[in-house]
Amino acid sequence: MSEATEWDAVVVGAGAGGAAAAYGLCRRGLSVLLLDAGPRFDPSTDYPLTDADADTRIFPEKPGSTGKVSFAPGQALGDEPLLVSGSRGLGPVAPGGVRLMDRYHHVRGIGGTTLHFTGEAHRFHPDAMKMKTHFGVAADWPLDYAALEPYYVEAEELIGVAGPEQQGARWRSRKFPLPPHPLSYASQTLGRGAKAIGLDWQANSRAALSRPWNGRLPCNYCGGCNKGCPRGDKGSADVTFVAAAVATGRCTVRPDSPVVRIEAGSDDRVKAVLVGRPDGSLERVAGRQFVLACGAIETPRLLLASDGLANESREVGRNFMDTLFIAVGALHPEAQHGRRGLPSDAISWTYNAPDAIPGVVGGCRFYNACGEIELGGLAAFALRAIPGWGRAHAQSVRQLWGHALHVGAIGERLPNPDSFVDLDPAARDRFGMPLARIASALAESDVARLRFMAKTSHALLAASGAQRIYESYSSWDWFAPTHVFGTCRMGEDPAGSVVDAFGRSHRWRNLWIADASVFPSAGGGEAPSLTIQALALRTAERIRSA
Amino acid sequence: MDRRQLTALLGYLSFGGLTAFWRVVKGFAQPLETDAHVERAVGAIAEVMFPGDGLPGARELGLHRQVLAHADVQPMLASGLAFLDRYAASAGAADFAALDEARRLAALDAAFASGADGIQSFVMALRLHLGTAYYSSPAIKSAFAYTGPLQPDGFADFRDRPA
């Protein structure tokens, strides 16, 4: 085992949180080693959206860019006709009566999961940070919206977030740096439906440039955000926070460097991390401060695999919350060609507050979901939307191509004792580190929220003129989340939380966490990356003064 | 094909992006030596499943040979084609390829409705792979609006009623 230079800070994970933490630390004069288990992606060569088959491309796989996890058995399903995942053309996703534990969507690499994210840039609803006090569920955040607001501003400025003047309860001390994107034709159609049923429908705040910003080109509305953005207008962490950290001259970035263990000392301080090398050997990397930002699956895995480090409260891995999601597609009588434009360009916050949905605690939001499910291209449309085969099928495809509208909804997912991350007792990676095992079970309140989201999505599509539903997908029967939270929750009480309000371990004085594992609650459907980044910037400031 | 494989074939979506659909479709290419009967039969399936109807059909484009290379199709070929040939025999034909278009379609419908082990999966797998190859073919895509590469131009008319 070799030993590298000692750094002021070693940041583990170069996604939304790690990149922001690295930038915040470098900006304050600290030297940072930014490690990631995955590779570096080159937007100009790895995202070839100029190719003729661009619409059938997904975000590229590179060696090491997907981590392995295992799953506990899926939940037995009841009878929820509105929540069954499937399409007319391809049938059900999970026909076996058991929730399909399919995958946890993420990217390992410099930029992390922001490389394939849609790029929504949301602030949390202030009331969603105090769920225990106001509603008796989940746990309170040990800070409030006002404490986070300056860091939201800092993150938005660096990214170049484009958004509207106002977002209701999310008060702002400064305008979004860029004006909102215009709504696509399909979003305008949905907007008329939203108005008819009393839903607000406004420009979404997006980490995609509506004007040139810091030397980056503006978006040209190709819609391919989830495939990787070759222009660099999408505000993924590699082209924003990592680039800014490197520009300080104090950040060293090391891809393909999985951390397999944290080495603790006897003085309540972490000494080093052990980094796996391609040849299977380990390298010991020492530092003064250590920031974990591996996400809500891999951060608890690393702590648990390091002899339960920072688990004095026994909360590491508990309180797991995944994405409560539904998307519905329907055919409109007129062509929409919703694949044109920025995905998720419009949003409704009407039911986002924790008490906004009648009869159930926890909010949700609705949006134009073309980005998720319209952009499969002609082949995906032909096979999903139109059942069967033969000449009648061919004629229907010709007649209906471009007529799809999609509405998505994401809602609050509350923690429960049956949803957690632990270590797989048998499966290990090439360095002998146990894999993370994910257990997820929806409670009745989650299902009630999903029912409301489904009914409202159907109503919105119908009011927009799209009556013929041909597909629907939900997390009721299909576990395939991107947004995951809660497994190292922050709190004031060391007995009930892993880290404090600044992301610092209650015991280990130089160990910090800067990812969504610290979220005590998941919000009413907000995309988490901006909040992760704001928290990470706040953590970085605290580290500097520690 | 086990349940998980079938599920992957049927499901394609993930929150946050397209994934399993294209991963499944693109993930299985392996060379396969086929006899003339198999190629003729799968060609006949391609001909009726995706006939073009004014555009070139899947068989005309040679896509049936491409589909035979998919590893998930290969184990199902023998039983699937045997089912279709038995149907043809019951209709007095030498084999499936000898049927006319209407009776080929009826045979495929019968296979899709069959409760026999793996037969419905066979039809769905061929539909998935043939349909994907067909509607991804440049010759077909060019007949549909807004199917060109996403970059470098994007969609400048994204706010407007489609042309």
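**Note on the predicted complex of chain A and chain B**

1. Chain B has a mean pLDDT of 83, with 79% of its residues at 70 or more; pLDDT is the predictor's confidence in each residue, from 0 to 100. Residues 1-20 of chain B have pLDDT below 50, and this stretch has 73 contacts in the model beyond near neighbours in sequence (contact means heavy atoms within 4.5 Å). Residues 26-31 of chain B also stay under 50, with 13 contacts beyond four places in sequence.

2. The model as a whole scores ipTM 0.91 and pTM 0.94. This is a predicted model, in which local features need pLDDT of at least 70 and side-chain atom pairs count only at pLDDT 80 or more, while totals for chains, interfaces and linings use all residues. Residues are numbered from 1 along each chain as its sequence is written, chains are lettered from A and ligands numbered from 1 in the order in which they are written, and side-chain values use heavy atoms, leaving out hydrogens and water.

3. The interface draws on 76 residues from chain A and 57 residues from chain B. Together the two chains bury about 6,000 Å², of which 61% lies on carbon and sulfur atoms; buried area is the accessible area (1.4 Å probe) that two parts lose on being put together, summed over both. On the chain A side, A:Leu90, A:Arg340 and A:Trp389 lose the most area to chain B, together 15% of what that side buries.

4. Six salt bridges are found across the interface of chain A and chain B, by the rule of a side-chain nitrogen of Lys or Arg within 4 Å of a carboxyl oxygen of Asp or Glu. B:Glu101 and A:Arg391 form a salt bridge through their side chains, at 2.9 Å from N to O. By class, the side of chain A that touches chain B has 37 nonpolar, 22 polar and 17 charged residues (Ala, Val, Leu, Ile, Met, Phe, Trp, Tyr, Cys and Pro count as nonpolar, Asp, Glu, Lys and Arg as charged, and the others, Gly among them, as polar).

5. Within chain A, A:Glu154 lies in helix α4 (residues 145-159); helices (H or I, at least four residues) and strands (E, at least two) are DSSP runs, numbered from the N terminus. A:Glu154 counts as buried because its relative accessibility is 19%, buried being under 20% relative accessible area, exposed over 50% and partly exposed in between (1.4 Å probe, protein chains only). Not counting residues up to four places away in sequence, A:Glu154 touches A:Tyr23, A:Arg27, A:Arg28 and A:Leu537.
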